[in-house]
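I set out to record a few local features of this chain in my notebook. The entries follow the order in which I looked them up.

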Amino acid sequence: MRLLPLAPPGQTPVRVLTIAGTDSGGGAGIQADTRTMALCGVHALVAVAAVTVQNSVGVSGFHEIPPQVVADQVRSVAGDIGVGAAKTGMLASTDIIEAVAGVCREVGIGHDGKIPLVVDPVAASMHGDPLLHAEALDAVRYTLFPLATIVTPNLDEVRLLTGVEVTDPASARTAAEALHALGPRWVVVKGGHLRTSAESTDLLFDGHHFLEFTAPRITTGNDHGGGDTLAAALACALAHGYSVPDAFEFAKEWTRLSLEASYDLGKGHGPVSPLWRLA
């Protein structure tokens, strides 16, 4: 695949910010984001929104960071270091979502600013453990999505946010239209969880045109952190000035190769691995 350009040694690389929760098992969340960002050759900036207690078999708890502290982290790095693109992951609560949206508008991140924003609306872990309070779904819909350059929900999150159950190409288009009506510039409806299909087809929509990105399905139980990895790679490409379709094409291929390189870890689901980049 065509990789992102690397800054020469000693030269400051592109900076990308992740606003998300941690994963103590190292497979998803901020750990997955920063791993992909580093291997894409960008400098990762971090605003921790929650700390999870989890391993390869599930999430047993999480602790929310005070909303003002989350916002202050974003404000601090944006004002001093600068941000080329940003992404969100687990934000946990309405108060945190509102604080993040407010500071993003303040520093020019998102729809009305110059800094692209990828919103990965994390609502539950791959094991089904809740990572977002149910009452915060409206904050995702009406406060966070209108700021987004692109949103990247999985199919369970699509159902929670729109009420649309994606089972085929027609329902994927219906879901994309419902997501776009919430205000983001672009939406993607990912086909990775349609296990009955031999291919993984993701649908990208800007309110006017549908674009399909298809790749062979990779059969593996080690797909922890796949959504985080896709969103992080997408943010890295946007920070380099890629168009949204080109950035998504890069991110999908990056994630496919990371799925191929996934490995066993613990007693449950292992992580996708961008360590292929070092081979």
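**Aromatic contacts and a helix**

I found F213 buried, because its relative accessibility is 13% and buried means under 20% relative accessible area, exposed over 50%, partly exposed in between (1.4 Å probe, protein chains only). I note that this is a predicted model, in which local features need pLDDT of at least 70, side-chain atom pairs count only at pLDDT 80 or more, and totals for chains, interfaces and linings use all residues. Residues are numbered from 1 along each chain as its sequence is written, and side-chain values use heavy atoms, with hydrogens and water left out.

I then looked up aromatic pairs, in which rings of Phe, Tyr and Trp (its six-membered ring) have centres within 6.5 Å; planes under 30 degrees apart count as stacked, over 60 as edge-to-face and the rest as tilted. The count comes to five. Helices (H or I, at least four residues) and strands (E, at least two) are DSSP runs, numbered from the N terminus. F248 is buried too, with a relative accessible area of 0%.

I recorded one aromatic cluster, formed by Y242, F250, W254 and W276.

Last, I checked α7 (residues 226-239) and found 14 residues in the helix. Of these, 13 are buried, so I describe α7 as mostly covered. Just after α7, G241 takes a positive phi of about 90°.

Notes:
The expected span of a helix is 1.5 Å times one less than its number of residues.
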